[in-house]
Structures are given as C-alpha cells and as structure tokens.
Amino acid sequence: MAQNPKPRSIIESLGEEIVRIITPVSICMFLVVILVSILNNSESSSASFTSIATIAYTEDSSDSFWDKFEGALLNSLVFVAVVTVVTFVLVLLFYLRCTSFLKYYMGFSAFLVLGLMGGEIALFLNQYFRIPVDCFTFLLVLFNFTVVGVLAVFMSKMAIFVTQGYLVVIGMLVAYWFTLLPEWTTWMLLVAMSLYDLAAVLLPGGPLRLLVELAMARDEDIPALVYEARPVLANDLSPRENVIPRRLWREPRNVDSGINENLNSGSSVNPSGTAVSRLESNQNESRIVNAVSGQGSRGISELTAPLIEHRINVQMHLAQQAVETENLVLEGIGLGSSGAIKLGLGDFIFYSVLVGRAAMYDFMTVYACYLAIIAGLGITLVLLAFYQKALPALPVSVLLGVLFYLLTRLLLEAFVVQCSVNLIMF
Amino acid sequence: MERAAELENNNNNENSSTSSSSSLIGGSVRQEWPTIDGPLGLSENDSVWYARYFFIFGFLMLPLLWAVNCYLFWPVLIHSRSFPLLRPYIVRSAIAFAVFSAILGSWAVTFVVGGERLFGHTWDELVMYNVADKYGLTGWI
C-alpha cells in the first residue's frame, strides 16, 4: 500500500479483543444448550449416575427441600475439597518441574474426553437421529477427530483456529457431562466452585495464586488447557516487529497495538486457574461403580460390559482421582504472553454448565443466564484491565447467573407466561 | 482467518516497500509467512518439520491430518512457486486427502443409499446404532 492505513483506535482493538473472547464462550454455551435440549428430553434416571460429585448424597426427587439442600451442600463440599487437593498436587508437581508429565497428562486427558466422551455423545446423536452411518466410517472419523485434537492441544504451533475449535469442543463435552448431575447438586456445585475460585486466586495461600507466581518467577507457561484468543495486531505494525514479544510483563511493550497499551502496561500476568476438570476421574469412577455394581450407589446401576482391566483397577483408579486431569482445565482469566486474553477452560465449562442447566428448565432461563454470564465476563474483563493481575473469572459470572436463574424461575416466569397466555405481549 | 490473510498481505506489501529497513531476527529478508496465521504462525524454516511429519503421519489412517496440513499451510498452496521446501509436502497432502475422502465418501454414500437392498442383513449388523446397542456402548453415562 502506498500510504499507511488509518491507525486503529483503542476502541476498535479493545472491542475486537473482547469479541474474540466472548465469541467462543457463546459458541460453547450455544452448543451445550443444543445438546441438552436434544439429548436430555427423557430426563432419564439420574439416580444411576454416580460420580465424585454425587459421592455423598444421591438426589431423589421425592426428598424434602432441606434434605436436597443439605445433600447438595455436602456433595459440593466434597467436590471442592477434592479439587483443592488436586490443585495443590498440581502446584507441587509444577514446583518439582514435572512439566513434561503434566503435558503428557494433559494430552491423555484430551484424548479421553474427545475419544470417549465425544464418541459417546456422537453415538447418542446417532441413535436419536437414526443416522445410517456404518461402524467403519464412524470409528475412522472418531479416531481422526481424537488424534488431531490431541495434537492440537499438545502442539503450540498448530493452526490457531484448529486449537481454539478443539478447546471449545472439549469444553462443550465436559460441560455436557456435568449437566447430567442432579439438579440441586449442580447449582450448589456452581456456587461452591465460584467461591473456591475466588479464594484460590486471591488469597495469599491459594493454590492458584501460588501456581501463577511460580509460573511468573520461572518465566514459564503453566501446562494446562487454556483458551487464548487470537491477539489483535495493529495494521501499522511494521514488518520488523512481526515477532510477537514473548513476555509482556517483563518490560513494557513498545509496539503500538492499542489493546496492549491498554491492558499490558507494566505487569500483566499469565493465566491463573483452578484445576477443575476431573472428567476422567469421574468417568472412570462411574464406569467402575457400574462394573462393580451396587458399590455405594443407590438406585439401579446400569450394567455395562464389564471391562476386566477396569475391575482390577478399581482401587488404583479411585486413588488416582487426585492426580487425574487436575490440569485438564484451568479457570481464571489473564493475559497471555502475546498480549491476547486468556481464559481458562474451566470457565468455559462452568458457564456452559450453568446455561445447560438453565436450558433443562426452559429457554427463558437460558436467555437470562446468558446475559448474566456475558455481563459478568465483561465486568471481569474491566477488572482485569483495572487490576492487571490474574483474576478468577468464575465468581462474578456464575453468581450473577445463578441469581438471574432464580429470579427468572421464581418471578419472571409467572409474569411472562401470564402475559403470553393473555396475548398481551410476546 | 481473513484478518490473518489480510495482515499477511499487508506485511507482504509493506515488505516490498520497506525492504531496506526490515529484518527478521535471523537476518533473513523474506517476510512471507507460510502458515495461515501469518505472523502469528511459523516461519518457513520451522515449518518444514511440521509439513513433513503431518504428511507422514497422515498415512496412519489419519486423513484429517492431511487436511489440517493443507489448512495450516494454505498460503503455500495458493501461491504456487513459493516456499520450495514446503510445497511438495503440502501438494501431496492435498492430493492424498482428496483421494482418501473420495474413497471414504463413496463407501459411505454406498452404504447409505444401498441400504438393505445391497447388503442384505449385514446392513443391520454394520450400521452404527445397532452396533452400539449390541455392545452396550452408550451405557457408560
């Protein structure tokens, strides 16, 4: 071009960055809502669904209000306790420089999620829509999908779009799994996890804060599944500055990229996170409990084809829960090494769980919760720009979302339904 | 994706006009980026390894890897006569992916359209939802 293009204003690049993080969150939520509305129509027996989140109390729809409340509270406390232990183990491993172990574990977790969870949901969809695909094609496509997904998660230099797409898919699959938990347990779990996130990131002894400080001190990236938005490059970025500066919180950037000036001046920080997803641990446990039927689960446990290695490994798997997939997803929001906004996959998951649970009631709650979550995310981004350190992305959004869900279900629904029925509006 | 391509074009254009002042860390003057991410992706020397191994591992029944290879190095496919080190791998990946997907697609379409008329009772044995029911594959959750 002969002349330089008009320099982008701060508003444009700031808006672009925000859009680039809100779009995948919205896509993930949208996909979970679609999955939930297609697959959870039967509202089948959740009594047989045992996992670490229902280890203390299995919900029954005939229990009284207080029974359900206490049971859900107990479940979520157990869950948060397990997550705390797992996160501390993660911090310990990171401290002992076992990063390659963590990376391999991350790849393995991604393989399990994409292969088993993704395969299972694909099978559900197959059965629901009666898609006449033969088993060879299906298995081949699933195999391809899984292997390329593991590579996308593993390799840092894959196409950005492919990596982002796979992270969104992984978030969607784990979030769908969480929506299978009983209702009260899910809501209590969301609240408990957001409070835990708040404590773990902001308190001086919190595991996530330790993790972030370790990563900063060593100038390393935490090996975890974190969604990094594509950084906005200013149009007038001259070619010699094509190499994206690696660490922005060491020296102030001298590149005139609007968002970077806004968010990075000085000490922006790598992502924080709660190690959250315990998908395989739960999945393994549920498979194990199903295979060894009747072990501590109320209701009818479904009989699956017992896999011998799972039965043998019962004790080992249950003991391994603490180690499994602690680093699969992190929560928390921060800034990546290239100045782009990073959002932990745990945030994707819990936002989608909230919206998915709302979808199991009605779409009205979906809209309300979606708006609440996006508003919360916007507030968190503003706080991120303001405080310039790693922040928990769960509390504001999830608490707002739960509040809006309750208000919609208790107050708004009656109003809207009466208006619609009487043809006043909508 | 368009933005990255647009940036790459901008970079290329600016490169031609400011070639005297532009220099990469390694001292090379070529500024074109072989990956679709443009300046965010790999340089040409780094990407030879990726192109080669994506092509080789695609032969392990992983045609999606060929497709990802073509997507990742899309500028290499578009601009013929550029990146002489990479182009053979990418072109071969594209051809291999096209051949494989033609074969798989024709098999899948035959399966769907032929149905029971063509396969007889084995159609029921091969179709995925029956296989899933038979082996109880959806009973985990």
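Buried means under 20% relative accessible area, exposed means over 50%, and partly exposed lies in between (1.4 Å probe, protein chains only). The model is predicted, and its local features need pLDDT of at least 70. Residues are numbered from 1 along each chain as its sequence is written.

**Exercise 1.** Determine whether B:Phe119 is buried, partly exposed or exposed, and state which residues it touches.

*Solution.* The relative accessibility of B:Phe119 is 23%. With residues up to four places away in sequence left out, B:Phe119 touches B:Trp107, B:Thr110 and B:Phe111; contact means heavy atoms within 4.5 Å.

**Exercise 2.** Describe how helices α12 and α14 of chain A pack.

*Solution.* Helix α12 covers residues 345-359 and helix α14 residues 394-421. Their axes, lines fitted to C-alpha atoms over the stretch in contact, are 10 Å apart. The angle is about 0 degrees, on a scale from 0 to 180 degrees between N-to-C directions. The two helices are therefore roughly parallel, a term for angles under 35 degrees.

**Exercise 3.** State how many disulfides the structure holds, and where A:Cys369 stands.

*Solution.* A disulfide is a pair of cysteine sulfur atoms within 2.5 Å. Over all chains, the search finds 0 disulfides. For A:Cys369 the nearest cysteine sulfur, that of A:Cys28, is 15 Å away. A:Cys369 has a relative accessible area of 0% and is buried.

How values were computed
Chains lettered and ligands numbered in written order. Predicted model: local features only at pLDDT ≥ 70, side-chain atom pairs only at ≥ 80, totals over all residues. Heavy atoms only, no water. Helix = DSSP H or I, 4+ residues; strand = E, 2+ residues; numbered from the N terminus. Parallel < 35°, antiparallel > 145°, perpendicular 65-115°, else oblique.
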